[in-house]
Amino acid sequence: MVRFAGVGLRYANAARPVGGLAGDRPGAGEPAALHDVSFTLPQGSFHWLLGPSGAGKSSVLRLMQLSLRPTSGSVEVLGADLSRIRRRDLPALRRRIGTVWQDFRLLPHLPVQDNVALPLRIAGRAEGQIRADVAEMLRWAGLESKAGQLPATLSGGEQQRAALARAVVMRPALLLADEPTGNLDTVQARRVLALLHEMHRLGTTVVVATHAEALVEAYPAPALWLERGRLVSHG
Amino acid sequence: MAEPRLRHGAEARLRRSRGRDPLGLRRVMSDRLLPALVAAMALLAALAIAGARGAADLTSRWEGGAATAMTVQLPSAAATDGRLTRALATLAAMPEVAEARAMDQARLRALLRPWLGEAPAVPLPTIIELRLEELPRDPAALADRIATAVPGGAVEAHGVWVARLVALARSLQAVALAALLLVAGIATAVVAVAVRAGIAARREAITILHDLGATDTDIAGRFAARAALLVGLGGLAGTLVAAPVLAGFADLAAPLVGGQPGVDLLALPWGKLPWLELALLPCLAAGLGWLTAQATVRRWLRRLP
C-alpha cells in the first residue's frame, strides 16, 4: 500500500517546487529532510507518525501525498512508484488520497457543502450524485446544519470536520492527516480522531502525524517515530 | 411565504454558481477593468481594420480606374487625316497599353459643356483614352515614350499623382495592419497581467485544487473560460461602439468612392462597413484571451509537482 525504501529527501532549490506549496512547514527548507527512511504500511492499517518538530513528519506525509519526489530511494504509494510515475498521471492518483491539514485549507469563499463537494466536482461526478454524497458526508461529520455557511463562520473543530469530510468524500484508499488536532480543544480533537478511526474501520489506510501524546494514548496504534529525518522506531 | 422562497432560491443559485467557480475567479478577475481595457483596444482594432479595408478599396479603385488611364490629345483634324488611326495602331502595339480607344466626340462635348456651353466655338481636340496593363513605375517616362511614338500628341499622365495616392493608401494599409498587430500584442499582455494577478490572488486555492487531484487542464480551463468571457464581452462592446464611428467615416469617404453622403443616421452607409471582420473581432478577442490564459496558467502550474 505505502512503501518507503531507503528514502532520502533533500530540499535543494532544483528539487523544491519553485513556488512552494501552501502546505510548506517551518523546517522544510533544511538541506536534508529525510535520511534512509524505510517502512511499509499495509493496506487498511492505522499508523501514528510521531516525532519532534523538524523531525521530517511533514516531509513523509508530503511524499505520501505526491507533493514531493524522493531525492534517493523509492516511494511506492497505492501501487505507483513516485520515481517513475509521469506528472500527468499524478492527479488521478491524488484523487485516491485524502489529506487533512492542521490549518484546514478550506476555500474561504465557498460554503461548507461546496468545499466538501470539491473533490467530487474535480473528478467530474454528476451533480445529483454529488448532492447525495455531500449530504451523507455532512451528516457523518455532524455538519448538516452548517452546509450553507462559509468556513469563517465555523468553529475550529467544525472547520476540521468539514476538511475531514472533504478528504473522505471520494472514499480514499489512503487518508493522511498532518497535525489534524493541532488547533482544536480536547473535545473537538477526540471527535476528529474518532472520525479518522471510523475511516480506518471502513478499510482506509490512515496515517496521522501528531504531537498530541494524549490522543496517541487514547487510540493505541502502531507508530512511526522520526528524529532528525531518520526513522528511529516502527511498531 | 413568497419572499422567503425567492430568497432561498437566490441563495441556492448563488451556492450553485460558487460551486462552479471554486477558484473564486469572478471576484479576482472582475467584469469591469479587463473588459473596459479590451473594449478600448477592440475599438482601436476595429478602426484599424476599417482603415485597412478602406485603404484597400481606394487602392483598388484608383488602380483599376484612373490609375491605369492616360490620355493622348491630338489636333481635331487628326480624326480625318489618318493620324488618329496610325496613333491608335502605334499605341495598341505598345506592351504597356492594354487598350487604346478614341473618345466619342459627343461624350467629350458633354464633359466640356460646363465650360464651353452647348455649342463650343472652338474645335474640340481628338482624345485617345489609354488603359494600361498596370500602374507604371515611372509615369513620366512612359508619357515621354508615348509622345515620341505619336508625333504631335500631347500626353496627360494622371498616373503620377494617382501612383502617389496609391502608395499612400498602401502605406496606410500597412500601418493599419501594424496597428492591429500592436493592439493584439497589448491585449495579450493585458490579459496575461490580469491572469497573473488572478493566480497571485488565488494561489492557495489553486494549490488546494491541485492537491485534491485537479489536472492542469482543469485549472487552466477555469482561468481560460473566465478570461475568454471577459475579453469577448470587452471585444463586443468595443466593436459596438466602433460601428457608428466607422459608419460616419464611411459617410465622409463616400464621395471618394463614387457614393453619396447620407442625410441622417439611417442613411449612413452601414452596408459599406466590414461586417464580417467586425463580427469576428469579439470572437478573435475571446480566442486570444483563452489562449493567453491557458499559456499563462499552464506555465505557472509547471512549478507544482
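Q: What makes R3(A) count as partly exposed?

A: Its relative accessibility is 31%. Buried means under 20% relative accessible area, exposed means over 50%, and partly exposed lies in between (1.4 Å probe, protein chains only). R3(A) is therefore called partly exposed, at 31%. The model is predicted, so local features need pLDDT of at least 70 and side-chain atom pairs count only at pLDDT 80 or more, while totals for chains, interfaces and linings use all residues. Residues are numbered from 1 along each chain as its sequence is written, chains are lettered from A and ligands numbered from 1 in the order in which they are written, and side-chain values use heavy atoms, with hydrogens and water left out.

Q: Why is the pair of E76(A) and R3(A) called a salt bridge?

A: The closest N and O atoms of E76(A) and R3(A) are 3.3 Å apart. A salt bridge is a side-chain nitrogen of Lys or Arg within 4 Å of a carboxyl oxygen of Asp or Glu, so a pair at 3.3 Å meets the rule. In general terms, side chains of opposite charge can pair when their charged atoms come close.

Q: Which parts of chain A does this pair tie together?

A: E76(A) belongs to strand β4 (residues 72-77) and R3(A) to strand β1 (residues 2-10), so the link joins parts that are 73 residues apart in sequence. Helices (H or I, at least four residues) and strands (E, at least two) are DSSP runs, numbered from the N terminus. E76(A) is itself partly exposed, with a relative accessible area of 27%.

Q: Are D211(B) and R105(A) buried or exposed?

A: D211(B) has a relative accessibility of 6% and therefore counts as buried. R105(A) has 3% and is likewise buried.

Q: What makes up the interface of chain B and chain A?

A: On the side of chain B, 27 residues are in contact with 29 residues of chain A, where contact means heavy atoms within 4.5 Å. The buried area is about 2500 Å², and carbon and sulfur atoms give 58% of it; buried area is the accessible area (1.4 Å probe) that two parts lose on being put together, summed over both. The rule finds 3 salt bridges across this interface. Helices α1 (2-19), α8 (203-211) and α9 (216-253) of chain B each supply at least two residues of the side that touches chain A. Of the elements of chain B, α8(B) gives the most to that side, with 8 residues. The residues on that side divide into 10 nonpolar, 6 polar and 11 charged. In this count Ala, Val, Leu, Ile, Met, Phe, Trp, Tyr, Cys and Pro are nonpolar, Asp, Glu, Lys and Arg are charged, and the others, Gly among them, are polar.

Q: Why is T296(B) called buried?

A: T296(B) has 12% relative accessibility, so it counts as buried. It lies in helix α10 (residues 275-301) of chain B. Leaving aside neighbours within four places in sequence, T296(B) is in contact with A192(B), V195(B), R196(B) and I199(B).

Q: Which parts of chain B does the pair of R53(B) and E277(B) tie together?

A: R53(B) forms a salt bridge with E277(B), with closest N and O atoms 3.6 Å apart. R53(B) lies in helix α3 (residues 33-64) and E277(B) in helix α10 of chain B, so the pair connects parts that are 224 residues apart in sequence. R53(B) counts as partly exposed at 33% relative accessibility, and E277(B) as partly exposed at 30%.

Q: How many residues of each chain are buried, as a percentage?

A: In chain B, 39% of the 305 residues count as buried. In chain A, buried residues make up 55% of the 235 residues. The secondary structure of chain B comes to 10 helices and 4 strands, and that of chain A to 7 helices and 10 strands.
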